[in-house]
Amino acid sequence: MTQEELDALMNGDVDLDSIDEEDNKDTQKEVEEDEEVGPIDPKKSDGVYPPPATEDHQVVSQLDEVTKESEAKATEVLDIMDAISNSMMDNEEYLNKVLNFLQAHKTLFEKLSSKFPHIKTFNEEKEKIEEMIDLVNQSLENSQNASDNVMMAMDIMQYQDIHRQKIERVINIMRELLKYMNRIFEGKIDDSKRVSSARHIHGDSTEDVVEEDDLEALIAQFAGKK
């Protein structure tokens, strides 16, 4: 309240009800503004806001751990996929040998069945071999499809390395920004020599304040340096 408003109040020229209404409007406006900002959720910051600068909240350190663990797990996955691919190749080789064996016996029983048509066993064995050949061919096709899928998965895993490189680039930018900020705020006076410098002044909610004499002496000191 200004001096003019105070004088008007003392002379009875001001309606107190109107002042109360204006004060209530101002108070309601401040409450609405606070509600728009929203309260700080302590659960999201472990009950401390802002979070303390401990190891658990060091951003660059955590990102370094993420990239390190990500690279290690990606390498393990690629090794497992490579082992699966090698096993599928071995299975295809074994199945091809079985297929060659069955093809040879099929040819043999075709000749026997043709030469001795009255012997049903030769024809039955030929039909069984043909069924086995179909199963082997189906197994070979499934094995080849599985090998192709493994190769596709290995190609997709290459994006994991790209993501790791992106995170590392962010880390490097943050580190350079930190160095830049340190250079900007770097001073020529050691912190140990700043004990007598102003940290609090009158009006702060602490007893450790700078007295007026000390403040004037500090101002005079800086003026003398100029």
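**Aromatic cluster, pocket and fold**

F109, F116 and F122 form one aromatic cluster. This is a predicted model: local features need pLDDT of at least 70, side-chain atom pairs count only at pLDDT 80 or more, and totals for chains, interfaces and linings use all residues. Residues are numbered from 1 along each chain as its sequence is written, and side-chain values use heavy atoms, with hydrogens and water left out.

Q: How many helices does the chain have?
A: Helices (H or I, at least four residues) and strands (E, at least two) are DSSP runs, numbered from the N terminus. The elements run α-α-α-α-α from that end. There are zero strands, and the helix count is five.

Q: Are the rings of F109 and F122 stacked, edge-to-face or tilted?
A: Rings of Phe, Tyr and Trp (its six-membered ring) pair if their centres lie within 6.5 Å; planes under 30 degrees apart count as stacked, over 60 as edge-to-face and the rest as tilted. The whole structure holds two aromatic pairs. In the pair of F109 and F122, the centres are 6.4 Å apart and the planes stand at 55 degrees, so the pair is tilted.

Q: Which helix holds F122?
A: The pair links distant parts of the chain, 13 residues apart. F109 sits in helix α3 (residues 59-115), and F122 sits in helix α4 (residues 120-184).

Q: Is M132 buried, exposed or partly exposed?
A: Buried means under 20% relative accessible area, exposed over 50%, and partly exposed in between (1.4 Å probe, protein chains only). By that scale both F109 and F122 are buried. M132 lies in helix α4. Its relative accessible area is 39%, so M132 is partly exposed.

Q: What separates the C-alpha atoms of M132 and L102?
A: Along the chain, M132 and L102 are 30 residues apart.

Q: Which element gives the largest share of the lining of the second largest pocket?
A: The lining is Q58, V59, V60, S61, M174, R175, L177 and L178. The elements that give two or more residues are α3 and α4. The largest share, four residues, comes from α4.

Q: How many residues of the lining of the second largest pocket are nonpolar?
A: Ala, Val, Leu, Ile, Met, Phe, Trp, Tyr, Cys and Pro count as nonpolar, Asp, Glu, Lys and Arg as charged, and the others, Gly among them, as polar. In this lining two residues are polar and one is charged, while the nonpolar residues number five.

Definitions and conventions. On a 1 Å grid over the protein atoms alone, a cavity is a set of points where a 1.4 Å probe fits but cannot get out, and a pocket is an open set with protein on both sides within 12 Å along at least five of seven lines; lining residues have an atom within 4 Å of a point.
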